[in-house]
Amino acid sequence: MNEVTVKNCIFGNGIPKICVPLIGGSREEILANALVIKKEAESLENEYRDKAVKVDVIEFRADYYNEVTDRHKLENLMAELREIFSDRLILFTYRSEDEGGELRHDRAESMIEDIWEWVIAGKMSDIIDIELKSGNYRVARAAVKAHEAGMAVIMSNHNFEKTPHNEEILEMFREMEILGADILKMASFPRSHFDVDRMVELTKDISSGKVGAAYIRHPVIIISMGKEGVVTRTKCKENGCAMTFSSVGSGSAPGQVSLREMFEIVSADK
């Protein structure tokens with residue numbers, strides 16, 4: 001598997017990165033939540049400094065932000081977040097309603113390509129999340145522009161109905177790679193613990209280059225959502241998952257564990 005380096009952070013090197021989602025409706029709420037996350041992260045990093053555990057990525061969930069269609073306000077907010085999290089990577093995500101996004105904002109849904117272009121042109125983040133279902137042309141075009149701007153691309157798919165068959169996931173990852181993804185993300189809802197076990201084994205197969213999954217060359221994030229799938233979030237080092245998501249306060253997806261719990265788990269593995 002090829003490693004992907006974003007600034008000084010290496011994805012796919014066997015050390016799962018910790019990402020904390022940042023949510024909020026207003027600028028004031030977002031900035032207040034950002035300071036809470038910063039304080040909690042720095043406190044835990046100090047507490048576990050002998051284990052060298054840290055928060056690598058802050059995911060700004062723009063679908064929560066009620067002014068996301070205002071380019072000027074978005075740009076100013078991202079600049080403020082950059083200042084707060086100057087020592088961490090910022091991931092920009094606008095999650096659509098179809099894939100679990102929070103804000104029911106029809107105008108933003110129709111403007112998503114414009115919003116991507118604003119973020120990319122202004123280099124507002126280090127990584128941008130692009131949903132595969134947005135359409136091949138739009139996805140490939142955004143990925144090219146992101147790379148030209150020096151930004152990495154997480155290409156994602158979220159399925160709240162079921163866990164697709166392994167071959168379907170591998171084909172989806174193959175398509176993501178063709179369209180320009182640097183990191184491949186699949187989150188799905190398990191119908192039983194067998195689905196969770198299957199996702200754990202698939203992640204291991206891809207990360208180890210096992211026959212059948214060997215043609216997937218980029219780091220992967222494979223998540224089973226909900227309580228049943230917590231192991232896919234907490235055992236990333238064993239599974240080969242490139243990044244895990246952990247919450248401070250309200251989470252942004254079902255099954256996220258708290259940042260403190262994640263630090264305890266990760267430090268125990270070191």
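Author: Let us begin with contact, which means heavy atoms within 4.5 Å. This is a predicted model, in which local features need pLDDT of at least 70 and side-chain atom pairs count only at pLDDT 80 or more, while totals for chains, interfaces and linings use all residues. Residues are numbered from 1 along each chain as its sequence is written, and side-chain values use heavy atoms, with hydrogens and water left out.

Reader: Which residues does serine 96 touch, and where does serine 96 lie?

Author: Not counting residues up to four places away in sequence, serine 96 touches Gly101, Glu109 and Glu131. Serine 96 lies in the loop between β5 (89-93) and α3 (106-110), where helices (H or I, at least four residues) and strands (E, at least two) are DSSP runs numbered from the N terminus.

Reader: Is serine 96 buried or exposed?

Author: Buried means under 20% relative accessible area, exposed over 50%, and partly exposed in between (1.4 Å probe, protein chains only). Serine 96 has a relative accessible area of 11%, so it is buried. Serine 247, in strand β10 (residues 243-247), is buried too, with a relative accessible area of 9%. Leaving aside neighbours within four places in sequence, serine 247 is in contact with Gln256, Val257, Ser258 and Leu259.

Reader: Which residues touch the most other members of the largest nonpolar core?

Author: In soluble globular proteins, nonpolar side chains tend to be buried together. A nonpolar core is a set of buried Ala, Val, Leu, Ile, Met, Phe, Trp, Tyr and Cys residues joined through side-chain atoms within 4.5 Å. The largest one here has 67 residues, and those touching the most other members are Phe60, Leu74, Leu81, Phe92, Ile128 and Phe173. A second, separate core has 21 residues, including Val6, Cys19, Ile154 and Cys241. Phenylalanine 92, not counting residues up to four places away in sequence, has among its contacts Phe60, Leu74, Met78, Val119 and Ile128.

Reader: How do α1 and α2 pack?

Author: Two packed helices are described by the angle between their axes and the distance between the axes. Axes are lines fitted to C-alpha atoms, for helices over the stretch in contact, and angles run from 0 to 180 degrees between N-to-C directions. Helix α1 (residues 27-47) packs against helix α2 (residues 71-84) at an angle of about 15 degrees, with the axes 11 Å apart. That makes the two helices roughly parallel, since angles under 35 degrees count as roughly parallel, over 145 as roughly antiparallel, 65 to 115 as roughly perpendicular and the rest as oblique. On α1 the contact is made by Arg27, Ile30, Leu31, Ala34, Leu35 and Lys38, and on α2 by Leu77, Glu80, Leu81 and Ile84.

Reader: With α10, what angle does α1 make, and which residues meet?

Author: Helix α10 (residues 259-269) packs with α1 at about 25 degrees, the axes being 10 Å apart, which makes α1 roughly parallel to α10. Glu40, Ala41, Leu44, Glu45 and Glu47 of α1 meet Leu259, Arg260 and Phe263 of α10.

Reader: How many residues of helix α4 are buried?

Author: In helix α4 (residues 112-121), 7 of the 10 residues are buried, so the helix is largely enclosed by the rest of the structure. The buried ones are Ile112, Glu113, Ile115, Trp116, Trp118, Val119 and Ile120. The axes of α4 and helix α5 (residues 136-148) come within 10 Å and cross at roughly 10 degrees, and these helices are therefore roughly parallel to each other. In this pair, Ile112, Glu113, Trp116, Glu117 and Ile120 of α4 meet Arg138, Arg141, Ala142, Lys145 and Ala146 of α5.
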